[in-house]
Amino acid sequence: MRAFSRLPLPGFSLVLLACWLGLGPASAETRVALVIGNGAYATTAQLPNPSHDAEDVAASLKRSGFEVIQGIDLRQADMQDLTIRFARAASRADVAMFYYSGHAMQFNGVNYLMPVDAVLADEADLKRFVRVDDIVNDLQQAKNLRILVLDSCRDNPLAETLKRSAGATRAASIGRGMSKVEAPRGTIVSFSTQSGQVAADGVGRNSPYTTAFLKHIEEPHEIGDVFRDISSDVYDASGKAQLPELSLSIIGKFYLNGPVSVTIAPAAPQAAPKADPCSAAEAHWKAADGIGTLAAFEDHLARFPNCIFATLAKARVEGLKQKVAVAPSGNARTTGSKDFDGNWDVTLNCPPTGKAQGFTRPLVATVANGVFHAEAQGKDGVNRLEIDGQIPAGGKTTLSARGTTGASTYTLNNLAPGSPYAFTVDAQFEPTRGTGKRNEARACNVVFVKR
């Protein structure tokens, strides 16, 4: 699937399980994150957690398919360089996340993040800080989902210096903690505590907020639920003293790590005939030969009458017809049921997993005289997937899938591009929606919908 997807199940449908075999990406989601941990401050109190927080968060996001730009104990120039790199990367990304652990403060309603070499003699020195508003603007360049995480609501000792410099009339503009940030559309904003409050540093390797973040961010739950669980954990662990502030402005359900799903779209116009009518003959023959039924070989002849395996298919057809003719009637092979005959449309949609790119594959399917056949082929004639089988009157059957891997970065079991693979799927067809057995470990759901 594309990691962000919905699963409509209208009308007459069958849900079954297909093993994730790296069939090759048709669309790959780009994820980028900037992770910064500043703790070794030169002019104010040092923080023990941020370097560990940043290291652990970066490792976690990499496992979730993010390209991570990481910085620890950054000086002003280095922090500016990384934010510029992040802005460029976000403009090409589908998902962008900014995570910061360290000192920060608000002045006159504006939030600032503090490099480790920053000084704050007066208001002009705030130009040495990074404005959170600028980070939010950079995040907005991502196409689908933007996430801002600030584990930085610690009390900033430099704020007192600025208050003295600002005088009585301006000092009121310097508040505790961070100023509230409303999430723009398509964005999640998560602070380690509520605006105007101060968060705890914690006593372990990570801050209380980052501890909860690391616990939940890789779970296969909807992203809004993930951040709600993070907030709940921090609230409970702090004895209800620290409540993270969460602002979400997203439409639909989004996932960083599953669940895998398939979206069935209305039938699209048929593609133009392939330039080489025999380009798919070999893969189709392997599938037909694996099924071994008369209908499968006849289907191959109908599709590829002038291709390399046509003569062999004719011989198999004649041989099977002779066996049927001489066999006692009671032993004749049961044919498929016509109850499910018709045209079908299928979209197979799988998300990225680790370094493996995600992909989306449409398959055109038919059921004729109870014989099911669905197929899809890459532009280069390889990276092919076919699903075949016979559906008896009861609807319970085992479908056979065969194909060749594409030129993908996903190399399950060390399969090189163009390698053949095969698997079977136990399925139950029903007159109404039915669901086959699920296996959430490296599995894609496939939904077949009758036109």
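Reader: Take Asp125. Buried or exposed?

Author: Buried. Its relative accessible area is 9%, and the cut-off for that label is under 20%. Keep in mind that this is a predicted model.

Reader: What does the side chain of Asp125 meet in a salt bridge?

Author: Arg128. The N to O distance is 2.9 Å. Arg128 is partly exposed, at 36% relative accessibility.

Reader: How many salt bridges does the structure hold?

Author: The count is 15. One of them joins Arg75 to Asp117, with 3.7 Å between the closest N and O atoms. Arg75 sits in the loop between β3 and α2, and Asp117 in the loop between β6 (110-113) and β7 (130-131), so this pair ties together parts 42 residues apart in sequence. Asp117 is partly exposed, with a relative accessible area of 26%.

Reader: Which residue pairs with Lys180, and at what distance?

Author: Glu182, at 3.9 Å from N to O. A salt bridge needs the two atoms within 4 Å, so the pair counts. Lys180 is partly exposed at 43%. Glu182 is exposed at 54%.

Reader: Which residues are linked in a network of salt bridges?

Author: Glu55, Asp56 and Arg205.

Reader: Now the sheet. How should I read strand pairing?

Author: Strands of a sheet pair through backbone hydrogen bonds, either parallel or antiparallel. Here six strands form an open sheet, in the order β3-β2-β4-β8-β9-β10, with mixed pairing. β3 (67-72) and β10 (245-249) are the edge strands, and each pairs on one side only. On average, neighbouring strands are turned by 5 degrees against each other, direction ignored.

Reader: How many bridges join β8 to β9?

Author: Five. β8 covers residues 145-151, β9 covers 187-191, and the two run parallel. Ile147 has Ile188 in β9 as its bridge partner.

Reader: Which strands does helix α2 lie across?

Author: β2 (31-37), β3 and β4 (95-101). Helix α2 spans residues 76-90 and runs at about 165 degrees to β2. Helix α6 (residues 223-237) lies across β8, β9 and β10, at about 170 degrees to β10.

Reader: And the nonpolar side chains?

Author: In soluble globular proteins, nonpolar side chains tend to be buried together. The largest nonpolar core in this model has 41 residues. Those with the most contacts inside it are Phe86, Phe98, Tyr100, Leu113, Leu148 and Leu150. Several elements supply at least two residues each, among them β2, β4, α3 (132-139), β8 and β9. Helix α2 gives the most, with five residues.

Reader: Which residues are in contact with Phe98, leaving aside its neighbours within four places in sequence?

Author: The list includes Leu34, Ile36, Phe86, Leu113, Ile135 and Leu150. There is also a second, separate core of 26 residues, which includes Ala54, Ala212, Ile230 and Phe254.

Reader: One last residue. Where is Ser207 found?

Author: In the loop between β9 and α5 (208-216). Ser207 counts as buried, at 0% relative accessibility.

Reader: What does the side chain of Ser207 make a polar contact with?

Author: The side chain of Asp151, at 2.3 Å. A polar atom of the Ser207 side chain also lies 3.1 Å from the backbone nitrogen of Thr210.

Technical notes: Residues numbered from 1 in each chain as written. Predicted model: local features only at pLDDT ≥ 70, side-chain atom pairs only at ≥ 80, totals over all residues. Heavy atoms only, no water. Pairing = 2+ DSSP bridges. Helix = DSSP H or I, 4+ residues; strand = E, 2+ residues; numbered from the N terminus. Axes fitted to C-alpha atoms, helices over the stretch in contact; angles between N-to-C directions. Contact = heavy atoms within 4.5 Å. Buried < 20%, exposed > 50% of the residue type's maximum accessible area, 1.4 Å probe, protein only. Polar contact = N/O pair within 3.5 Å; in protein donor to acceptor, adjacent residues only side chain to side chain. Core = buried A, V, L, I, M, F, W, Y, C linked by side-chain atoms within 4.5 Å.
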